[in-house]
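Dear colleague,

I am handing over the structure below, and I would be grateful if you would look through it alongside the notes that follow.

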Amino acid sequence: MKDLNTEAAKAGTDELVAAIANGENIEAVVLAQKLLDLGLDLETMVEAGPTKALESLSNKCNNDEFCLLEILLAGRAMMDVMEQVVSQHAGFAAMVEAQNRPAFVLGTIKGDMHDLGKNVVAMMLKLEGYRVIDLGKDVEPERFVDAAVKEQAGYIGVSSLITTTIPSVRKVKELAAQAGLTDVKVLAGGAVLRQAEPQQLNVDFVAQSVFHLLRYLRGESEAET
Amino acid sequence: MTRTQRVYDAIARRWTDKVPKGEWCLSAGLIAGILGCQGAIGWEQEAAARESLGMDLVVLGADQEDPSELDYEEFRRWRRETDFFIFALINGPFQGLARKMGWTDFFLMLGDRDDRDDRIGEMAARQSALSLASAKNALRNGAHAVLIADDVAQTEGFLVSYPLLRDIFVPLWRASVQTLKEEKVPVFFHSDGNVNGLLPDLIAAGFAGLHSLEPAAGMDIAYIKRQYGADLCLMGNIDLGFLVQAEAEEIAVKVKQLMDAAAPGGGYIFSTSCGCLGDEVPFANLITLYQCAEEYGIYPQSS
Ligand code: B12
């Protein structure tokens, strides 16, 4: 069985999506493994399970209703499926290679200790297959750029929840340009930054939420292919 | 009129000469800027800076893992040497546990709670009892009131679902307020973010006042005053993001609007919505802010 055209596979993936959305991590791992044991191929399982669950979460949390706890719980369930089932599978290396996602340097800017939102972003990016270089919090603008050079990153993500950090945020793209990283996109987010326009922060994109970021990245990778 | 009396009057909605004012903490850099001084910043400098801004209150941290270990001399000194109104600040069970466990682990444990496993509820109750003991010690050492700080919300609303707050945290807040009421002191609640959906619960729990009222998170003080002003003394509503970048004229307009909305009939304490002001706040802006609050916060003699 390679595809979803069997009753068992359909029912199984529906159950998996529901388990992830409800944050039932132990059940989700069992269900994902069962689908692979039934013969479903890895990529189809990931598409119909974790990816679909992420989309339904994105629709739900898109409106004014924000659901941090649901995101964290569903994120943990997806993470467990990825770590305990997907990355153990023989086809995993080939799938990652096919996705060919660039490294993503992420951190909370200097002067700010808030990291809850940044951690949610890190988790979701990992689930999307990005190699996340998480620099933590209170990070100097220079360190974002150094890490991007070292890791040959495609993106730098800057998080901030405090107004007074904006001058430091503005520096990141400037320093990146000085280091010759003209192709690296600088993205920003967090409660205070998202009220600003990209030009005000001197960045390429300001995300309203983690799902807004994921939609932007999908648009980017489609544009490339 | 003493500063303490002014704050008591505001809380009780009695006539007073002007709207009382004050912040939680001021950084050393800010104090130096306000006083135009260099060198070490200690208690005297902080008291002088608060006085020169026209503040009426201080907020002193009272939390301690082991309440017997905290030396409450700071409380005694403010009480002995000034007439400032003293709030004892304690963490509420939500923020207290989140800080101890790490926010993400705390949330995940809340999400895993069910009928069979309420460890998180028990931990929250223990955390609440610990902070309550600290608050009582602070009261014995000179505090006039208690401020329970529990950040349960962000800009869009609650950080966790309302039923979790209602089932675990509201009862703990209510129990703390009831216990502290036996000491005959007002108890205030603080949370950042949009807590509109909690206001009826906070009032039912017996809180005398509410701090933060973060305007950027949809806390409309004019509306809240109309709806709940008879039950809650409001405190805060000046946004930090605004304060750091505003021009003097903009500050004046904002303070006038705020006073027009919140001051009539008493029940308002002027403050920023974030609590702690750091070196990043231009001290000239803070001075302007407090001058405007002094000017626009006067109550007419006859009212
Ligand atoms: C929780 C919290 C704290 C916790 C932080 C815990 C932690 N480990 O992060 C504690 C209690 C420690 C704290 C401390 C302080 N805080 Co605080 N805090 C908050 C609070 C209540 C919620 C923030 C939050 O975590 N939201 C949930 C997350 C998930 O949302 P988010 O970060 O926006 O992230 C989402 C998106 O924005 C996006 N995103 C986030 N980062 C990124 C990055 C990229 C690249 C992208 C693309 C997307 C993205 O993805 C996330 C999911 O969608 C806010 C109130 C508010 N209105 O937001 C105040 C708030 C942010 N804090 C504030 C302040 C001032 C402070 C303090 C300085 C002192 C104080 N409270 O008085 C200290 C900070 C010390 C320091 N130097 O950093 C102010 C900032 C005001 C301003 N305009 O500058 C706020 C707004 C509160 C207020 N009353 O004004 N705080």
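This is a predicted model: local features need pLDDT of at least 70, side-chain atom pairs count only at pLDDT 80 or more; totals for chains, interfaces and linings use all residues.

The shell around the ligand (residues with a heavy atom within 4 Å of it) divides into 21 nonpolar, 15 polar and 6 charged residues, where Ala, Val, Leu, Ile, Met, Phe, Trp, Tyr, Cys and Pro count as nonpolar, Asp, Glu, Lys and Arg as charged, and the others, Gly among them, as polar. Of these 42 residues, Met113(A), His114(A), Asp115(A), Ser159(A) and Cys274(B) come nearest; because residues from chains A and B surround the ligand, the site is shared between chains.

Residues are numbered from 1 along each chain as its sequence is written, chains are lettered from A and ligands numbered from 1 in the order in which they are written, and side-chain values use heavy atoms, with hydrogens and water left out.

The predictor gives the complex an ipTM of 0.82 and a pTM of 0.91, and chain B has a mean pLDDT of 95, with 98% of its residues at 70 or more.

As for polar contacts (here, pairs of N or O atoms within 3.5 Å), a ligand nitrogen atom is 2.8 Å from a side-chain N or O atom of His114(A), and a ligand nitrogen atom is also 2.8 Å from a side-chain N or O atom of Thr163(A). At Gly190(A), a backbone N or O atom lies 3.2 Å from an oxygen atom of the ligand.

With regards

Key: pLDDT is the predictor's confidence in each residue, from 0 to 100. A polar contact is a pair of N or O atoms within 3.5 Å; within protein, one must be able to donate a hydrogen and the other to accept it, and residues adjacent in sequence count only if both atoms are side-chain atoms.
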